[in-house]
Amino acid sequence: DVTSIGAENKAPLSKSLLLVPSAISILLTLLFQHYQKFFAYNVQAIKDDFQIWRLVCGRTICLDLKDTFCSSLLIYNFRIFERRYGSRKFSSFLLGAWMLSALFDLLLVEITQYIFGTTINSLPSGFLGPVFALFVPFYSSIPRVQVAQVLGHFSITNKTLVYILGLQLLTSGSYIWILALSGLVSGICYNSSILKVHRILCVPSWVAKIFSWTLEPIFSSAEPTNEVRVGMGATVDIQRQQRMELLDRQIMMSQVAQMRRQRQQQGGMINWNRLFPPLRHRHNANYQDHRPSEQDTPPPTEVSEEQVARLMEMGFSRGDALEALRASNNDLNVATNFLLQH
């Protein structure tokens with residue numbers, strides 16, 4: 001469905017957090033270095049001189065280009081949460097994590113000084129607390145899918161690169177561990193259903209409407225055209241295969257919508273076996289209307305229990321995992337993608 005795909009591509013808040021602070025950080029580093037003192041996260045000035053404005057300036061713009069680069073890449077990867085939950089819920093999480101992490105920053109500085117006798121005058125600046133807080137929903141709600149194995153023992157998953165970026169950001173400064181710890185704790189507190197922080201620290205609807213009127217026209221993606229986008233295949237065969245896969249996905253989406261309408265009218269669960277056979281028996285070189293009869297339907301494909309276990313680890317039921325793997329001819333990636341979208 002072209003409209004839904006276009007809506008998913010819009011992540012105005014993530015793009016604004018990716019572009020605006022990065023641009024300001026580069027300008028402060030290259031052209032306006034004498035203004036960097038106003039964006040320093042000076043903890044002592046906040047405590048002793050009550051310079052509360054430093055909590056806003058010092059915790060928004062990075063003064064280290066390495067931190068800017070890593071945090072920008074992480075925000076780019078975490079834009080999936082804005083697409084999944086919407087801009088208002090995503091901004092509420094960032095606001096709550098930003099406020100809670102500011103409190104935990106000051107608390108951890110006092111604890112460090114009391115236990116170790118170390119006086120911390122300043123912390124790394126930037127939008128780092130909420131970025132680390134986003135690792136909490138990333139760890140708990142994003143399924144782990146194995147991509148490859150190194151030396152037969154070390155698994156590379158779809159989440160490995162994000163964790164590597166987080167580790168790189170964690171090791172970029174001496175006291176950045178305070179920001180990381182406060183961000184993780186604030187993310188856990190905000191996600192906790194017991195503390196009910198998400199009901200207190202949330203963006204009002206009228207504020208969300210104002211930002212949607214101002215940010216969305218600037219940072220939203222352009223609406224997709226009716227033309228099918230061709231992949232980056234190096235050969236004609238690869239591009240043809242990509243078109244076939246895209247057509248398969250569109251057919252599955254339309255069939256799922258039809259079956260859901262029938263389920264709403266008649267009740268009952270979706271019959272997965274009705275969705276996939278036209279795709280499995282379609283010839284690879286043409287798009288003729290070929291619907292095999294029930295007599296020509298091959299027996300059910302044997303499913304690997306290891307792949308079923310992997311899908312069940314992601315939170316899917318055993319019945320859905322079995323049907324998805326049988327329908328996709330034991331292709332774990334196809335089955336996972338389809339289950340995630342439905």
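**Aromatic rings in a predicted model**

Good morning. Let me begin with Arg 79, which lies over the face of Tyr 76, 3.8 Å from the ring centre. A charge counts as sitting over a ring if NZ of Lys or CZ of Arg is within 6 Å of the ring centre and within 35 degrees of the ring normal. Likewise, the charged end of Lys 89 sits over the ring of Tyr 85, at 4.6 Å from its centre.

Please note that this is a predicted model, in which local features need pLDDT of at least 70 and side-chain atom pairs count only at pLDDT 80 or more, while totals for chains, interfaces and linings use all residues. Residues are numbered from 1 along each chain as its sequence is written, and side-chain values use heavy atoms, with hydrogens and water left out.

How many aromatic pairs does a search of the whole structure find? The search finds 11. Rings of Phe, Tyr and Trp (its six-membered ring) pair if their centres lie within 6.5 Å; planes under 30 degrees apart count as stacked, over 60 as edge-to-face and the rest as tilted. Phe 81 and Tyr 85 are stacked, because their ring centres are 6.1 Å apart and their planes are at 15°.

Phe 81 is buried at 2% relative accessibility, whereas Tyr 85 is partly exposed at 35%. Here buried means under 20% relative accessible area, exposed over 50%, and partly exposed in between (1.4 Å probe, protein chains only).

Phe 135 and Tyr 163 also form a stacked pair, with centres 6.2 Å apart and planes at 20°. Finally, ring pairs link Phe 78, Phe 81, Tyr 85, Phe 132, Phe 135, Phe 138 and Tyr 163 into a cluster.
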